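Hi everyone, thanks for making time for this. I'd like to walk you through one structure today, so please have a look at the screen.

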Amino acid sequence: MPALPAFPLTRRPSDARRRGRLVLSLVVFVAVSAAAALAYLSFPSAGRTSPPAVRTEADCCRGMEGLELWGPAVKWGSDHRLPSAAACCAACKAMCPHPKDGACRCDSWVFCGDERKCKDRLGECWLKKQKDVMAPAVIAKGEDVMWTSGLIFGKGEGIVGLETNLGTLHIQLLPGCAPRSVDHFIELLGLRNCAGCRFYRAEGRGNVWDAKGDHEKNVAFGPPYALLQGTLEVDGVPFKKIPREACPAVKRGSVAWVGSGPEFLISLADHEEWRDAYTVFGNVLPMDMAIAEEMTLLPTSTDVWSNVKVKVLKDPVYFKVKRSSNASAV
């Protein structure tokens with residue numbers, strides 16, 4: 001049996017309008033488990049076992065090591081010690097919304113879990129409230145920092161928009177599953193520029209998945225592969241590869257990195273066949289999925305990547321990254 005690939009479709013077509021004719025490149029993941037072509041995952045096999053259970057978004061409660069967030073404390077760590085970063089995260093999440101009044105009283109947490117570095121501060125769990133959770137106050141960041149910090153988004157918070165000429169795709173970010181990915185978006189918002197960010201591949205559901213994203217029985221898993229693919233690489237700004245984070249199942253509306261980025265995808269269907277191969281860092285709000293579906297109706301040409309036929313947009317769809325309309329636009 002061939003090794004199961006993560007998603008070996010990182011070939012990005014050139015953009016003749018901006019860069020002239022560029023040589024197409026193929027980036028191959030350097031991982032034993034990512035050696036085979038996507039075609040293997042795209043057809044059912046009697047000998048293949050069912051996908052293993054993967055953690056859901058609700059199970060995710062993670063933070064970034066080497067990060068100390070500042071801000072007013074709603075619970076002091078010196079009087080609040082817990083056994084793990086996950087427990088500290090859960091304590092903050094329990095206050096957002098608060099069971100008494102529904103308000104989000106805690107939107108960030110700071111935990112000290114390195115026994116060597118923390119010493120007598122081991123286990124301290126500070127619960128805090130940011131002035132702006134999408135622009136958190138950072139006091140220290142780096143490998144020598146002993147703290148692990150994370151964010152919690154309340155209702156209507158942590159939403160970014162990919163603004164295209166077809167409309168805006170609003171994405172709910174998932175800091176508990178992918179804190180480093182969310183940190184990247186916060187940095188991206190700070191740049192106030194996403195020149196070069198675009199969708200370049202669009203494939204509909206065809207007869208493979210229904211309108212709800214459920215896979216039709218006794219049908220291959222593509223082509224088409226029910227996804228949009230693009231890049232979040234800003235022209236002139238080196239992209240820092242993002243380590244693998246928590247990997248919930250890819251569902252309709254899931255937004256995930258292809259490898260370690262900057263390539264990413266938006267799923268138009270439930271892809272159980274992909275198992276837990278990708279870092280899912282957000283979800284497109286249901287009301288905007290019609291925009292994503294509309295993109296698959298744009299003119300495309302056929303190309304072959306790793307022996308897999310794909311549909312590439314004849315004209316890439318460029319987008320800007322902005323905060324949600326219910327927050328301050330940038």
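I'll start with the nonpolar cores, then go to some salt bridges, and end with a loop residue. Please keep in mind that this is a predicted model.

Let's begin on the inside. Which residues touch the most other members of the largest nonpolar core? They are Leu169, Leu173, Phe199, Leu232, Phe264, Phe319 and Val321, out of 53 residues in that core. The element that gives the most to this core is helix H4, which runs over residues 179–191 and supplies 5 residues.

On to the charged side chains. How many salt bridges does the structure hold? The count is 10, and I'll show you a few of them.

Keep helix H4 in view for this one. Aspartate 183 pairs with lysine 141, and their closest N and O atoms are 2.9 Å apart. Aspartate 183 sits in helix H4 and lysine 141 in strand E6 (residues 138–141), so this pair links distant parts of the chain, 42 residues apart. Is aspartate 183 buried or exposed? It has a relative accessibility of 18%, and the cut-off for buried is under 20%, so aspartate 183 counts as buried. Lysine 141, on the other hand, is partly exposed at 44%.

Lysine 141 has another partner too: its side chain meets that of glutamate 187 in a salt bridge of 3.5 Å, N to O. Glutamate 187 is partly exposed, with a relative accessible area of 39%. Elsewhere, salt bridges with shared partners join Arg81, Arg121 and Glu124 into one network.

Arginine 121 is partly exposed at 32%, whereas glutamate 124 is buried at 4%.

Last stop: valine 237. You'll find it in the loop between strand E11 (227–231) and strand E12 (254–257). Valine 237 is partly exposed, at 35% relative accessible area. How far apart are valine 237 and cysteine 194 in space? Their C-alpha atoms are 9.6 Å apart, although the two are 43 residues apart in sequence.

Definitions and conventions: Residues numbered from 1 in each chain as written. Predicted model: local features only at pLDDT ≥ 70, side-chain atom pairs only at ≥ 80, totals over all residues. Heavy atoms only, no water. Core = buried A, V, L, I, M, F, W, Y, C linked by side-chain atoms within 4.5 Å. Buried < 20%, exposed > 50% of the residue type's maximum accessible area, 1.4 Å probe, protein only. Helix = DSSP H or I, 4+ residues; strand = E, 2+ residues; numbered from the N terminus. Salt bridge = Lys/Arg side-chain N within 4 Å of Asp/Glu carboxyl O.
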